[in-house]
Amino acid sequence: QIQSVHEKFHQILSKSNYFHTRSVVAPIFQLAGMPVNLTANAISAINAGDVNSKPVVQVLDIKLIGTTQERYRLTLSDSESTQQVMLATQLNDRVKTGRVRKTSVIQLIEYICSTVQNRKIIVVLNMETIIPECEIIGNPKVIVESNLGAQKTTSNGASGSANLGNNGNLSAQRSAQASFANIKNLSAQNSGNSMQNYPPAIQPAYQPPPNYKSHGAIMKNEAPARIIPIAALNPHQGRWAIKARVTAKGDLRHYNNSRGDGKVFSFDLLDSDGGEIRVTCFNAVVDRFYDKIEAGKVYMISKGSLKPAQKSFNHLKNEWEIFLETTSTVDLCPDEDASIPRQQFSFRPICEIESAENNSIIDVIGIVTAVNPSVPILRKNGMETQRRILNLKDQSGRSIELTLWGDFCNREGQNLQELAEAGFSPVLAVKAAKVSNFTGKSIGTISSTQLFINPDSAEAQTLREWFDQGGKDIASQSISRDNMPVGSKIETRKTVFQIKDEGLGRSKKPDWVTVKATITFIKTDTFCYTACPLMIGDRQCNKKVTRSGNSRWQCDRCNQEFEECDYRYLLQAQIQDHSGLTWVTTFQESGEEILGCPAKELYMMKYEEADDTRFSEIIRNCLFTQFLFRLKIKEEFYGDEQRVKITVVKAEKVNHSAESRYLIDLISKFRLS
């Protein structure tokens, strides 16, 4: 057996490029039956402030905690004492994949120790698994901290020193132990590699904080803070520093509330590990840092407080937000750090925005196909701002409207308009756009939005090649209109009774059904409205217009006046089938399909020509005519009252031949079932 141990060890040593991996070294201990030694007094050293010894410890317990974000709490042992530690979120996969589990032996590579309310909080930032699983080592005592000055210990009843050789008989393990000295000598003679380097490195003895002449030991708050990843930040850390790039700087905003006037601004940070976090400053802190912060620059930031992020205003993927204080430090790094990216995107295809939640924040990239002029808009608060609407398309076969607000209109918006007028179709990357579901799906800018024209990225290059090689000639469907979705939902047949009986339209998304019914009544007092004829991008404004003081038509949306307006249908009709009747609303296209003439012609007929006979005949001809109605059903608020609104998206007169085939197919399906 000893002979086989030696042969196995020589085979491993011959693979020198694998020798230092944990997966090869650990079986040597198992084969040799060698007890694993944990770093003595590691827990005491960590609690005393040592963060450099890289101790080897054992995991006794793992517990999942946290509600908003998954966090793991580990109980660690040095064979004599135990300590609970928090695992940084970037290490969660180590637990989920089983690389770290109960009884694993690990080495703490990087960790921090802070004191919060007389309790020691230790966060592990990096670690290595030495042995995936073994028996409990030593007889560790649980340290119960009532305060920093007094400690009590209790035994957890763990077993004595554990031996990893859990296969084979006891005599074989003892023989392997007796030969271990020979194995160490063999390793020292082979390729300069020494088994004495394991486990996994020689652990230096803990040394107390250094003393300097006339000063005594360094106080914990005087020692320089260690740079840690943004992902490792949490409120339990007493001292920390992060090195990150400013990817976005918000505007300086003034506010007034019950506590008085104030001012605030925020900026977003990105570090070399891809972690992002928002930093917010109030009042006096604004005066210190607003002019100092520049987008694109790298800073060293420390001594701030962490609070839960307000997700209604903060779109970054981090549960915390940094609030700078009067004692905080923000230092510009003079040398450029290429390891920190200038920006981080998470682009979504335009076709996926159709299913995005209203008010969600997304990144999108597309080709600018249309740029409309900037127009002044009066907000609800009485303040005037600028608005400019663009159209974007991508390879998904969809296009979308992007609304620029405020300064975006005259900065990037003006640049885009000049490029469009020169015949170019630039690539536009949008960071942090807000989704709106008003008249379909569209996106708009907010204060933290960033626009990048023709960015130097792989996504932009791919999009440009697609567009130049034929993408510009491919028609795309706009998702910024209240269109009916394609697919089987269009052909879902229902009766009028089923609309109410099945509660259609009362979910978050509208229901789309087809109903075969007859028109029994049409309101003729208000069948159309005066509409704005101006074009916004590739579609007409259609906002209701009114007469101004000089008898010209005026559109509040476009803020323009014109001589002639358009007329669009807004019909209220009653439809009926064998199961019941209901009211529906019909707009322009479906109104023309029902009445057979444009709204302007019918308006002139009734009000300008006063031809009531012809007007009545057109209305009478469509009554008691059977149609296939494509309906959109959605619950809406009217004041304080909720009502289900049924809108006719399309109206087709029944083709009796096609309808007969549909009914025959339906009968066949019933027979098969």
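Arg411 forms a salt bridge with Asp407, with 4.0 Å between the closest N and O atoms. A salt bridge here is a side-chain nitrogen of Lys or Arg within 4 Å of a carboxyl oxygen of Asp or Glu. The model is predicted: local features need pLDDT of at least 70, side-chain atom pairs count only at pLDDT 80 or more, and totals for chains, interfaces and linings use all residues. Residues are numbered from 1 along each chain as its sequence is written, and side-chain values use heavy atoms, leaving out hydrogens and water.

**Salt bridges**
- The count by this rule is 25 salt bridges.
- Arg411 also meets Glu412 in a salt bridge, at 3.5 Å from N to O.
- Arg411 is partly exposed at 46% relative accessible area, Asp407 is exposed at 51%, and Glu412 is buried at 17%; buried means under 20% relative accessible area, exposed over 50%, and partly exposed in between (1.4 Å probe, protein chains only).
- Lys263 and Asp287 form a salt bridge of 2.6 Å, N to O.
- Lys263 is in strand 12 (residues 260-270) and Asp287 in helix 7 (residues 284-289), so this pair ties together parts 24 residues apart in sequence.
- Helices (H or I, at least four residues) and strands (E, at least two) are DSSP runs, numbered from the N terminus.
- A network of salt bridges links Arg245, Glu336 and Arg342.

**A buried arginine**
- Arg388 lies in strand 18 (residues 384-393).
- Arg388 is buried but has no salt bridge, and the nearest side chain of opposite charge, Glu421, is 7.1 Å away.
- Lys and Arg count as positive and Asp and Glu as negative, while His and the chain ends are not counted.
- A polar atom of the Arg388 side chain lies 3.1 Å from the backbone oxygen of Asn372.

**Nonpolar cores**
- A nonpolar core is a set of buried Ala, Val, Leu, Ile, Met, Phe, Trp, Tyr and Cys residues joined through side-chain atoms within 4.5 Å.
- The largest nonpolar core has 41 residues, and those touching the most other members are Tyr569, Ile594, Leu595, Leu602, Phe629 and Leu631.
- Strand 24 (residues 511-522) gives the largest share of this core, 5 residues.
- A second, separate core of 31 residues includes Leu125, Ile228, Ala244 and Phe265.

**Whole chain**
- The protein chain has 16 helices and 35 strands.
- Of its 673 residues, 43% are buried.

Conventions
Polar contact = N/O pair within 3.5 Å; in protein donor to acceptor, adjacent residues only side chain to side chain.
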